[in-house]
Amino acid sequence: MKKVPVEKAIGMVLCHDITKIIPGQFKGRAFKKGHIIQKEDIDELLRLGKEHVYVWEQNSGEIHEDEAALRIARAVAGENIEYCEPKEGKVTLKAAVKGLFKVDSKLLQEINSIEYISIASLPGDFAVEEGQKVAGARIIPLMIEEKRVKEVENLCGEKGSVFQVFQYKKLKVSVITTGNEVYKGRIQDKFGPVILKKLDYFNADYLGQTFCPDSIEEIKKAILGCRERGADLIILTGGMSVDPDDVTPSAIRNTGARVVTYGAPVQPGNMFMMAYLDTTAILGVPGCAMYYKTTILDSVLPKIFAGQILTRDDFVRMGEGGFCLNCEVCRYPNCYFCR
Ligand SMILES: Nc1nc2c(c(=O)[nH]1)N[C@H]1C(S)=C(S)[C@@H](COP(=O)(O)OP(=O)(O)OC[C@H]3O[C@@H](n4cnc5c(N)ncnc54)[C@H](O)[C@@H]3O)O[C@H]1N2
Ligand code: MOO
């Protein structure tokens, strides 16, 4: 800290608040500690009776919180992440597009281990809207050693960005609805509209819905037909459980598809199946997805539309947080479910 005449303080960082009082009208802060003094501030400072101010010494190897926060935001922001101007040592990062927010968790932890640097974000694999706030980078003290900021820049230079948003791809999607009760017209299909509404969110290229009886051969034929028509994603509904007429998992297997998982540690969604037939993703969706607003399907669809190839491990990890509380008002995705 050093004392300088106000005229010489332009570009320097104020060490203390400066108060303004106009009797009967105003009493409050005119300049805030940490403010970078501008040319146009000089007259006002002189009117406030300040011919000298205390400022931070620039040669200390330290930089101002705003500059540091901005440099850190720039380092951690990857594809489709934008950031605002710094304010009080904080920069907010936003999603530039609707998509799946991704976090390099290990790198984020490494950066947050550097003293005085703090970055808080949404959890990874979070479906975000265009313009949604996703993270805030803040510097704890008013001035920070530049070497800490450089450490962040070097880490990101070496390992890549921390945050990205994967924009959803335009996928061709077919729906196959199984079940004799629907096929034979005993009941009306209520599953198709539920799936269609979810697909609308991703602006999918919908190829149509096929109805199948509870026959392995018929369902298999339908899957292969959808694939012929170029489906990137085939969603099968019903017949996923253990009754004698539940044949959807066997039909999926019989196409020769590589099964990633049958069964998932998620409720609702236990009887879910995921498989790949070459590059076509196949989902076997259990009846619960027709009934509950939020199920495993709501966690899996954004990942598929974001272009991710799912592994068994992705499903195994869902167990912790995979138990839905079925809240009266569902706030998903602002919730722990399936994280
Ligand atoms: N003994 C066990 N029973 C069940 C288990 C289990 O592990 N052991 N799992 C339960 C879970 S979890 C779920 S979820 C359901 C899975 O159901 P399915 O996918 O096999 O569904 P279905 O048996 O085909 O149908 C159930 C119910 O929903 C009606 N349905 C089905 N599709 C349609 C449609 N397109 N439109 C209208 N309604 C439809 C169907 O008529 C049945 O009423 O299994 C539990 N049981
Ligand atoms: O597949 Mo059922 O999943 O949980 O209700």
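Strand E16 pairs with strand E19 (residues 280-285) in the parallel sense over 5 bridges, where strands are DSSP runs of E with at least two residues, numbered from the N terminus, and pairing takes at least two DSSP bridges between them. Isoleucine 234 has isoleucine 282 of E19 as its bridge partner. E16 also pairs with strand E14 (residues 172-178), again in the parallel sense over 5 bridges, and here threonine 177 stands opposite threonine 237.

All of this comes from a predicted model, in which local features need pLDDT of at least 70 and side-chain atom pairs count only at pLDDT 80 or more, while totals for chains, interfaces and linings use all residues. Residues are numbered from 1 along each chain as its sequence is written, with chains lettered from A and ligands numbered from 1 in the order in which they are written.

Back to E16 (residues 233-237): 5 of its 5 residues are buried, so the strand is largely enclosed by the rest of the structure. Buried means 20 or more other C-beta atoms within 10 Å of a residue's own, with C-beta atoms placed from the backbone. Leu233, Ile235 and Thr237 cover one side, and Ile234 and Leu236 the other. In a regular strand, side chains alternate between the two faces of the sheet.

Note on methods:
A residue is buried if 20 or more other C-beta atoms lie within 10 Å of its own, exposed if 12 or fewer, and partly exposed in between; C-beta atoms are placed from the backbone. Helices (H or I, at least four residues) and strands (E, at least two) are DSSP runs, numbered from the N terminus.
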